[in-house]
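Reader: Before we look at the model together, could you show me how to read its strand pairing and its surface charge?

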Amino acid sequence: MPSVPQSNVDEDVATYVRQQEVVADLGVKALERNDLDRLMADATVAVIDTLDADYAKVLELLPQSESLLLRHGVGWDDGIVGAATVPTDQDSQAGYTLLSEQPVVVDDMQAEARFYGPDLLIDHDVVSGISVIIGSVDEPWGVLGVHTTDQREFTENDANFVQSVANVLATAIENAQTERRFEAIFEDPNILVGLLEPDGTVMDINQTAMEYIDPELDDVIGEPFWETPWWGSGDDVRGDVREWTTRAASGEYVEFEADLTRPNGEQYTLNGVFRPVTNGDDEVVSIIVSDRDITERKRRERQLKKSEQRHRTLAENFPNGIVTMFDDELRYTLAAGRGFDDLPLSASNVEGKHVRDVWPGDIGRNLESAFRDALEGETSAVEGEYARREWIIRVVPLTDDDGEVFAGMTIAQDITEQAERQRKLEESNRRLEQFAYAASHDLQEPLRMVSSYLQLLEHRYANELDDDAEEFLGFAVDGADRMRDMINGLLEYSRVDTQGDPLEPVELESVVDDVLEDLHIQLEESNADVTVESLPRVRGDSGQLRQVFQNLFSNAITYSGNEPPRIHVTADRRERTWQISVRDDGIGIAPEDQATVFEVFQRLHTREEHAGTGIGLALCERIVERHGGRIWVESEPGEGATFSFTLPALE
């Protein structure tokens, strides 16, 4: 084996020592300074001086990971540093380096077959060089490179030297990132943060935590954490804090929750962690204590529990439906009701689950939206099909004594039978509309023909008819007229639902004023006295409500007996409805007839006694039912009658 000249050995050793000194010096600067840019600048100068190279660079991987920015460098043309980028695809030198665990050494760029050199190197006549990853292949930060314009054979020590410098930079970058993260947490106004020695001595506490106690920061630094004012004067919590600190010092991640008291006596609850901080040898060097004040959340939880206890009895006995409560995470905290008997799930399967995990498809999505609205104070209703049953689910907010929403409640009712009845009613209305069309066209035409021919007979043969014939002809004409009135009344009755106006706020006093104006002549002729108390605004169809009052007033005039009509209108609030009453002093209605007066074509008197089609009260009933109310009569023969009906009140 040939001997190596001593001069060459001494030179290699000196070079190696010099390289290690540079690495050590950069390591000291990294510890002493908190300036990454200054450290990177020093590193590129040190590398280029130590290896007698022409260029050195620090490339930073950009967030999109498609290119690297020339963050720092030495030897490059003016304006290049801070602006130039190089690609990171696998065929580029930078991309190849980011995937390499070992330094990438280039002897001759023109002869290189592993990758192509970027324009940055080609434009600067680079021939040889070394590039290494800053960080790791799994979590790369960037690339450190050194280059020459003449061909150079770099040694293994040279490559290791460049890698060592890159490692110093990687450590400094990681420490800076950790420090920035810690500062962000430490300065967060919503988090209480403390930094402890492994033995529990306080090193620092953020301002947010200091606002909970009277002493200043200097009064608590250097004190055992469990003896600081946050934990009160007793041993109950302090013993726990000492135990949590000891466990964290042994490397354990400790979660805790504690009920505490401020100096002013105000109680609060903290929930947080004791987090050990370790060095490269997995030794605990400090402990970070971080927590959030969950007093409000605990208050809401207590309020929710109290409300649950209040509602559980109601929920468990709720017929034909389900009662639930949910929290601000949209999870059910209570579920009960007999409606579960018809479902393929039980109350125990619901409690604790998210709304979307219980109700599938569109109904689940709609409920999730309704739940969020309820937590904002909105009330809503969701309809949908589940388990071959139809449901309506009303979602309402729950508020505390201060009016703050802390949870929500739902009342789900099985409306399958109601929906079926509604479909049948709609079908009945459709058929009734078809009949109304026939009545207004097919029946009216032959009736007009009969009337026309009767009138023709009367005009043409009047002189030839005897008294009996004229009487018979009069009966026929009168019958045709009454038939026309009945058809028109029936047509009006059938179109209450299909041709009414939308329900909207209506001033009943204005409606009654219009009716009194329309009946002005009839009221004067009968010497009627009408008194009206203050009437409310309701939700209704003003045109149809005019028909109701007009029919009731007309009946009061018609059936007033021998005395002038006396009509009195009142209104009483009944929770969510108004009860409107029209009282008269007329002939009254016998108890056995009071149910039949609202039937179509049901008359209590002959036409000779009182004219009319017998459809007016039936029309009133249908209009009131369309408004969601009901109508009834209270009367005694000879004592007058009071017709009352309900209408929805405006909130």
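Author: Two strands pair if DSSP finds at least two bridges between them. This is a predicted model, and in it strand S1 (residues 55–61) pairs with strand S2 (residues 67–74) in the antiparallel sense over six bridges, with Val58 standing opposite His72 in S2.

Reader: Which other strand pairs with S1, and in which sense?

Author: Strand S6 (residues 140–148) pairs with S1 in the antiparallel sense, over six bridges, and there Ala56 stands opposite Val146 in S6. As for cover, S1 is mostly covered, six of its seven residues being buried.

Reader: What does S5 pair with S6 over, and in which sense?

Author: S5 and S6 are antiparallel and pair over eight bridges, with Ile133 opposite Val143 in S6, and a hairpin of four residues joins S5 to S6. S5 (residues 128–135) is also joined by three bridges to strand S4 (residues 104–106), again running antiparallel, where Val106 stands opposite Gly129 in S5. Seven of the eight residues of S5 are buried.

Reader: Turning to charge, which residues gather in the patch of negative charge on the surface?

Author: The patch gathers Glu458, Asp466, Asp467, Asp468, Glu470 and Glu471, and helix H14 (residues 467–494) gives the most to it, with four residues.

Technical notes
Residues numbered from 1 in each chain as written. Predicted model: local features only at pLDDT ≥ 70, side-chain atom pairs only at ≥ 80, totals over all residues. Heavy atoms only, no water. Buried < 20%, exposed > 50% of the residue type's maximum accessible area, 1.4 Å probe, protein only. Helix = DSSP H or I, 4+ residues; strand = E, 2+ residues; numbered from the N terminus. Patch = residues over 30% accessible without salt bridge, like charges linked within 9 Å, V, L, I, M, F, W, Y side chains within 5 Å. Areas by Shrake-Rupley, 256 points an atom, 1.4 Å probe, with all protein chains shown as cover. Salt bridge = Lys/Arg side-chain N within 4 Å of Asp/Glu carboxyl O. Lys, Arg positive; Asp, Glu negative; His and termini not counted. Charge placed at Lys NZ, Arg CZ, Asp CG, Glu CD.
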